Amino acid sequence: MSTELKGIGASAGIAIAKAYRLEEPELTIEKKEIADTEAEKQRFEQAIHQSKSELEKIKDHANRELGADKAEIFAAHLLVLSDPEMLNPVFDKIGTEGINAEVAMKETADMFVSMFESMDNEYMKERAADIRDVTKRVIAHLLGVQIPNPSLISEEVVIIAEDLTPSDTAQLNRQFVKGFTTDIGGRTSHSAIMARSMEIPAVVGTKQATSNIENGVMVIVDGIDGDVLIDPSDDVIAQYKEKKAKYEAQKAEWAKLVHEPTVSKDGQHVELAANIGTPDDVKGVLENGGEAVGLYRTEFLYMGRDQLPTEDEQFEAYKTVLEKMEGKTVVVRTLDIGGDKELSYLNLPKEMNPFLGFRAIRLCLEEQDIFRTQLRALLRASSYGNLKIMFPMVATVSEFREAKAILLEEKEKLVAKGIHVSNSIEIGMMVEIPSTAVMADQFAKEVDFFSIGTNDLIQYTMAADRMNERVSYLYQPYNPAILRLISMVIDAAHKEGKWVGMCGEMAGDTIAIPILMGLGLDEFSMSATSILPARAQIKGLEKEQAKSIKETVLSMSSSEEVIEFVKKTFHIQ
Ligand code: PEP
Ligand code: MG
């Protein structure tokens with residue numbers, strides 16, 4: 001008898017495979033007196049040897065699958081394990097104090113970690129992080145505990161985890177990881193967004209996946225309806241295989257629209273753009289018929305590594321995207337770190353409310369070296385395509401002015417050095433904070449465009465954490481409060497002759513699309529995999545009809561009322 005868990009469908013598709021639990025192992029250690037210290041030293045040596053060969057494998061794999069920069073981190077770990085300054089004190093401790101290797105390693109590592117962390121030197125702080133990671137691996141070997149290495153998975157699996165960070169998700173190997181399910185998270189958490197761009201079926205927020213699913217058991221992840229089936233019968237497996245085949249057939253139908261323009265039934269064009277996180281994602285944009293990149297989340301360039309990317313590294317990434325898009329618009333968002341996107345090497349203090357904290361443009365305006373480096377890289381890349389730049393999480397007009405002034409200052413400096421910078425870069429901002437939506441008329445005078453980030457706008461307007469499945473019932477894209485804010489932004493921008501896009505997940509939502517068309521949204525930017533279904537839907541809609549429902553939905557009293565009305569009016573199932 002199979003057990004069923006209900007969660008949030010975060011990435012469409014069906015996965016049927018064995019469970020692979022991705023969890024932090026228990027590494028509790030106790031101090032022990034050791035009589036045979038020579039044997040203990042040998043045990044330590046053996047653990048070092050095992051850790052090194054494991055790291056070699058991970059490094060080679062990362063090099064092949066993820067590129068040399070991602071592999072560097074493991075090379076740094078290997079260096080720690082070959083460093084006599086690190087290892088000799090452990091051998092000495094075992095010999096002179098007669099203690100077990102786990103504790104000798106931990107005490108030595110702690111000493112180095114606190115020494116490096118107290119230094120005012122970024123490089124040394126990064127070494128502290130390496131030592132912490134390596135110590136965990138060595139202790140795991142001493143305890144005979146397996147540390148999961150998702151990048152080493154070599155058979156088809158479904159990942160089961162309490163949560164996945166965006167960098168965990170980035171390391172998943174699509175060939176073998178057929179799907180994943182997590183206890184926590186919402187549809188707009190970044191691991192969910194990445195799952196969609198990687199086309200990995202996912203169900204998040206099941207609350208109890210890790211407490212119900214054992215390693216190796218058969219699991220079905222239905223990312224279409226948000227269901228997880230544990231140990232399904234043959235009949236149920238057959239049923240889901242059929243559902244999977246139907247979904248694949250539907251995708252094949254959508255694929256026929258890849259080279260078609262996005263035009264409504266009454267002949268009005270709407271721009272369908274894609275959200276990307278890395279230059280590699282451009283392939284998916286083009287394969288799915290994206291007309292532009294409406295959001296390039298540059299923070300992924302800064303993640304999954306142990307130091308800031310250099311100006312040249314960034315320049316190469318931006319140039320690659322612009323060139324691959326061959327003159328089509330590329331809207332690049334400057335660094336939006338914070339919330340669920342951490343950069344451990346910046347050593348920022350933990351915050352009580354990271355989504356309301358020191359993040360995105362707030363961090364960039366304070367840590368101007370980081371910001372200016374990124375802006376220079378972008379400006380230098382601007383001659384290779386059609387670049388637009390926008391700032392994330394702007395709350396006040398003065399923040400926008402300050403960010404824009406810094407951008408223009410960097411541009412002037414580059415031009416003075418004779419470096420070519422495009423003269424037609426539009427400068428815009430994200431509308432993610434209710435204050436900016438309310439004040440859109442003021443902002444509209446200063447920006448070239450807006451891009452509405454509903455993932456955050458909804459959470460801040462409804463005061464409902466986008467990552468928290470327990471309040472997901474309040475995370476309501478169709479609540480008239482949200483629709484009114486969106487409408488205010490579009491009207492204010494159009495009054496000043498500016499265009500408005502939306503790059504939050506709502507832009508690709510079947511119920512939202514007719515409403516947004518009616519409100520006059522100019523550009524819809526979404527996960528690449530949502531583009532073709534959106535195009536199919538828009539081809540069947542009449543823009544004039546969509547416009548005619550504007551006042552009706554804006555004057556409704558609840559999300560439920562809007563959903564029911566839109567479904568009925570536009571025949572959505
Ligand atoms: C948003 O907030 O809607 C958005 C697109 O940005 P992110 O999801 O990266 O926070
Ligand atoms: Mg956001």
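## Strands E4 and E5

Strand E4 (residues 157-161) runs parallel to strand E5 (residues 177-182), and 5 bridges join them. Strands here are DSSP runs (E, at least two residues), numbered from the N terminus, and two strands pair if DSSP finds at least two bridges between them. This is a predicted model, in which local features need pLDDT of at least 70 and side-chain atom pairs count only at pLDDT 80 or more. Residues are numbered from 1 along each chain as its sequence is written.

Across this pairing, Ile-159 stands opposite Phe-180 in E5, and Ile-160 stands opposite Thr-181 in E5.

Helix H7 (residues 190-198) lies across E2, E5 and strand E6 (202-204), and runs at about 50° to E2. Helices are DSSP runs (H or I, at least four residues); such angles run from 0 to 180 degrees between N-to-C directions of axes fitted to C-alpha atoms, for helices over the stretch in contact, where contact means heavy atoms within 4.5 Å.

## The whole sheet

These strands belong to an open sheet of 8 strands with mixed pairing, in the order E1-E8-E7-E3-E4-E5-E6-E2. Its edge strands, E1 (3-6) and E2 (8-11), each pair on one side only. Neighbouring strands of the sheet are turned by 30° against each other on average, direction ignored.

Terms used
Chains lettered and ligands numbered in written order. Heavy atoms only, no water.
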